[in-house]
Amino acid sequence: MRKYLLHIIIILVGLIYLGRLFHLQIYDTSYTNLSRNNAVKTVYEYPQRGNIFDRNGKLLVSNQPSYDVMVIPRELKPFDTLEFCSLLGIPKEKLKKQLQKARRYSTRLQYVVVPQLSKEEYAFLQEKMHKYEGFYIQKRSLRNYKTKSSANVLGYIAEVNDRILRKDDYYQSGDLIGMQGVEKQYEKELRGSKGVRYYQKDRFNREIGPYLDGKLDTLAIKGKDIQLSIDIDLQEYGQKLMQNKRGGIVAIEPKTGELLTLITAPSYAPELLVGRKRSSNFTKMHYDSITKPMYDRGLLAEYPPGSPFKTLTGLIALQEGVIQPKQRFSCTHGYYYGTRGRKMGCHSHSSPLNLAFATANSCNSYFAQSYRKIIEKEASPQEGIDNWRRHLKSFGLGGFLGYDLPAGRPGKIPASKYYDAIYPSKRWQGITTLSNAIGQGEVLCTPIQLANMTAAIANRGYFYTPHVVKKIDNDYNKNPKYTERKYTTIDSLNFEPIIDGMHKVFTHGTAHFLQVPGITICGKTGTSENFTKIEGKRTQLTDHSIFIAFAPRENPKIALAVFVENGYWGARYAGRIASLMIEKYLRGSITVTHLEDWVLNHSLEEEYEKPLSGIPFKINQ
Amino acid sequence: MAKSNIGAIDWLSIIFFTFLLFFGWVNIYSTTFSPEVSSFFDLNQYSGKQAMWIGLSFVAIILIVATDTRFFERFSSIIYLASLLLLLGLFPFGKTISGATSWYAIGTFTIQPSEFAKIGTALALAKFISDIQTDLKSIKSLGYVSLIIIIPALLILAQPDAGSAMVFAAFLFPLHREGLTGYILFLLFAVATLFILTLLFGVHWIVLSLFVLGIVIYYFLRKQRGIVLFLLAGFAAMAAYCYSVDFVFHNVFKQHHRDRFNIVLGKTKDIRGIGYNTNQSEIAIGNGRWFGKGWTKGSQTQGNFVPEQHTDYIFSAAGEEWGFIGSLLFITAFLGLCLRVLFLAERQKSQFSRVYGYGVSSILFFHFLINIGMVIGLFPTVGIPLPFLSYGGSSLWAFTILLFIFLKMDADRNRR
């Protein structure tokens, strides 16, 4: 035993130490992370975000330098506080507070004292910076907007929030990310790829050289430029026409599915969400629940489509063979149906009418009868509705269109299940849903869906999924989603009578005063009833003014939908705006100045005040 | 003078020794590595200086191998006395570095006599024990033996350098091997255990537990004669000891001593302050994983996060850059050397060589035990070097001489 005691102890200690080492090096993995946080500093290099151009190559969004005033507290020397504060344009207390915060964060590390100075402020400050030791200026890149419109299309960039940080490990706290519109949808293309450099730190947190000889470092890759399909002149013009009104304009080039304009009103200048005022502006607009400037009505607002929907009813009836173009239906200030003498009203016009004239005069009776025939053609109303719905779905209604913007709503085209749920006895009939015939009832569409449907009519039977990006870094948007035709269920021959009717809207019908000399426009007015709740009571408001149109009739170049909330009747606001937009786009200038003057000089603000005023009001005045 | 016989030197020990020297130098190079310095042998760098020390230590090896073995036995007392004089000389002439007067300064170089005192003490102890008149069971002999060990230890403790003084406890192993009663080792072990338990749980709880333990023992052994008296005396002694530990810890120890104990006992966790060394060293080692970060690639090591990494904390660099596998290799080599020396000691014909060999192995092992224990956070922070690896000429020479005197004895074992 005497001989072996030390042997045993040596071997035992060896084993114990190896056990401890196994625990430190292999079993407990937290030490590696500790070391990484400890000894490796990661520095990101941010590339320039891609520029955004309009369809004609006009620069819409670029970058501008912005300057943060930074401080490293331990390097501070006494300085003239008052002068410095006046240079920065902040009160002395604010500076004191910022310095306190900086010290609490770290005395050795940089901290932002005043963020995002403008170029002018920077120029002023720069000369005197040398007097303030411990302070320095760090350059950053912010968005620079060349237009005051299109905020809804462009979107904005902001610091990433915690939710994104948890989900996507590309982003670090403080990184900027696209939050809406194209900035969000094409974030990956626009942002490029940030470069990263690792530095070996020493125990004083100083960099002492590249980590692992820079083997893991990567270079920043510049973001890609994007060319939109938006025509910025048309967009700005539309924005101007929509002043003092609420609603949206969506215009599409039917041949390509490219969005020419996407206007929502009211909107805001995109530059409001840049720089030092960003946060207060954002809060103000985000919580404005009345005018909702950040709500894209063109994509998100689901309205009853009203009379423009009649074009579809007519098309489906033709396709199903339940009407003939020449066939006339009578109208006696409405259509009486059912066993208890129920009536769908209509305005006064000559009777009976064929399809084209019924379209031109927007005869409720005609399309109610057509609709009834469509539904009643099948063995049961369930099958009838579902067949009707199948046609509508092929126009991109009642579902997401799949365009390249992050906001959207599906709208609504009711299926038989929907009515079965409302009427559990299933004893509902075609006429129960008769309002659908004229775009009221259970049907809801967003403006972009209406515009897309118009494009499909203009193309006589097909459309391209609408999209807003034309080129990425000079390469055409080749995404097959946007280059493949989507055919509707309607044969192209059946479109002519309807298009003829839409033309007659301008020559003989509800929009006869909206003609633009030299341009053959086809369109359809719409006046949709709508309701709100005031103190829990369903209350009817002034009708929405709706208009769809495309032009020219042959080889159409533009198809659009205009919605003006509470604009009373279709031709009144929406029709005028549609004609002006079409002329502006096709001709580049306006000859129908009387229409323009009327639109610019009429405001709907009073109308919008009514339901909020708390006093009884009259509608449709 | 007999001819030297290099061929008879134990080659396995040489292989371990060479590996440890090389491994040590490689790690010193890495701890002080900076990409701007390309030369391996820049005398302004620690690695360059250490290379010089290594070269000089081979000169010492040649001298030892050329010396007659009997020289060491015959002159052991004189070598011992000389090392005591060197230790004494520190008080008037020594140089103070970070609070301890442990160095002689010759120009820019410093030399630490306490490292060499271990050799003198080992030789003197071997000489005394191998004396025909010495009987480790007699009080008188034990008294002399204690004096031989304690005098240099006290001189070193007065510098003050508690770590180096503590190493002299290693001589208990050769004493035990040569017949010192096991009770003394057990007693010392008990003393150390009580010390730690008292600090961990507080003196009152320990004394109470001892009392309860005494009653339990009494219950089982109550038939024995004189048991009550024995237990009472034992209890009184232990209680007195515990209270004195408590007193010494709180009233004699300085705050930094207390802090070091508290860190290891897990009573405080202060990674910014006093626990910084241990914490950084653990992070460095933990960062190594299986195969290490690679030479001069350890982020902790290159960032100089571990203070004193080229000296006492050299193993943390090895752990980070060579990983568990490298650590395993090192531990095998080091303890392999200790065991090999023990094996060689056992085959000596002369008692002098055997005791000396045991002393060598014990000292190397004790350094390993305390140094590595500290670096991996199992021992309090006690500043002693890791033999053959830590930067420093004095310790490198002292350990080389210590080892090679024995290897020379072993080579010559059949000659006499």
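Residues are numbered from 1 along each chain as its sequence is written, while chains are lettered from A and ligands numbered from 1 in the order in which they are written. Because this is a predicted model, local features need pLDDT of at least 70 and side-chain atom pairs count only at pLDDT 80 or more, whereas totals for chains, interfaces and linings use all residues.

**View 1. The two chains in outline.** Chain A has 23 helices and 21 strands, and chain B has 17 helices and 3 strands; helices (H or I, at least four residues) and strands (E, at least two) are DSSP runs, numbered from the N terminus. Buried residues make up 42% of the 621 residues in chain A and 43% of the 416 residues of chain B. A residue is buried if 20 or more other C-beta atoms lie within 10 Å of its own, exposed if 12 or fewer, and partly exposed in between, with C-beta atoms placed from the backbone.

**View 2. The side of chain B that touches chain A.** The contact takes 38 residues from chain B and 32 residues from chain A, two residues being in contact if their C-beta atoms, placed from the backbone, lie within 7 Å. Helices H8 (172-177), H13 (276-286), H14 (299-302), H15 (314-346) and H16 (351-375) of chain B each supply at least two residues of this side. H15(B) gives the most, with 11 residues. The side of chain B divides into 19 nonpolar, 14 polar and 5 charged residues; Ala, Val, Leu, Ile, Met, Phe, Trp, Tyr, Cys and Pro count as nonpolar, Asp, Glu, Lys and Arg as charged, and the others, Gly among them, as polar.

**View 3. The open sheet of chain B.** Three strands form an open sheet in the order S1-S2-S3 with antiparallel pairing, where two strands pair if DSSP finds at least two bridges between them. Strands S1 (95-97) and S3 (109-111) of chain B stand at the edges, each with a single partner strand, so one side of each is left without a neighbour in the sheet. Strand S2 (residues 100-106) of chain B is joined to S3(B) by 3 bridges, and B:Ala105 has B:Thr110 as its bridge partner in S3(B).

**View 4. A hairpin of chain A.** Strands S13 (residues 334-337) and S14 (residues 342-345) of chain A pair in the antiparallel sense over 4 bridges. The bridge partner of A:Tyr335 in S14(A) is A:Met344. The hairpin has 4 residues between the strands, and A:Gly338 takes a positive phi near 80 degrees.

**View 5. Helix H15 of chain A.** In H15(A), 11 of the 14 residues are buried, including A:Tyr366, A:Phe367, A:Arg372 and A:Ile375. The buried residues pack against helix H13 (309-319), S13, S14, helix H14 (355-361) and helix H16 (381-393) of chain A.

**View 6. Helix H22 of chain A.** A:Leu595, A:Glu596 and A:Val599 are the buried residues of H22(A) (residues 593-601). They cover an arc of only 100 degrees around the axis, which puts them on the same side of H22(A); the arc is that of the directions from the helix axis to the C-beta atoms. The face turned away from this buried side carries the exposed residues A:Thr593, A:His594, A:Asp597 and A:Asn601. What covers the buried residues includes helix H10 (232-241) and helix H21 (571-587) of chain A.
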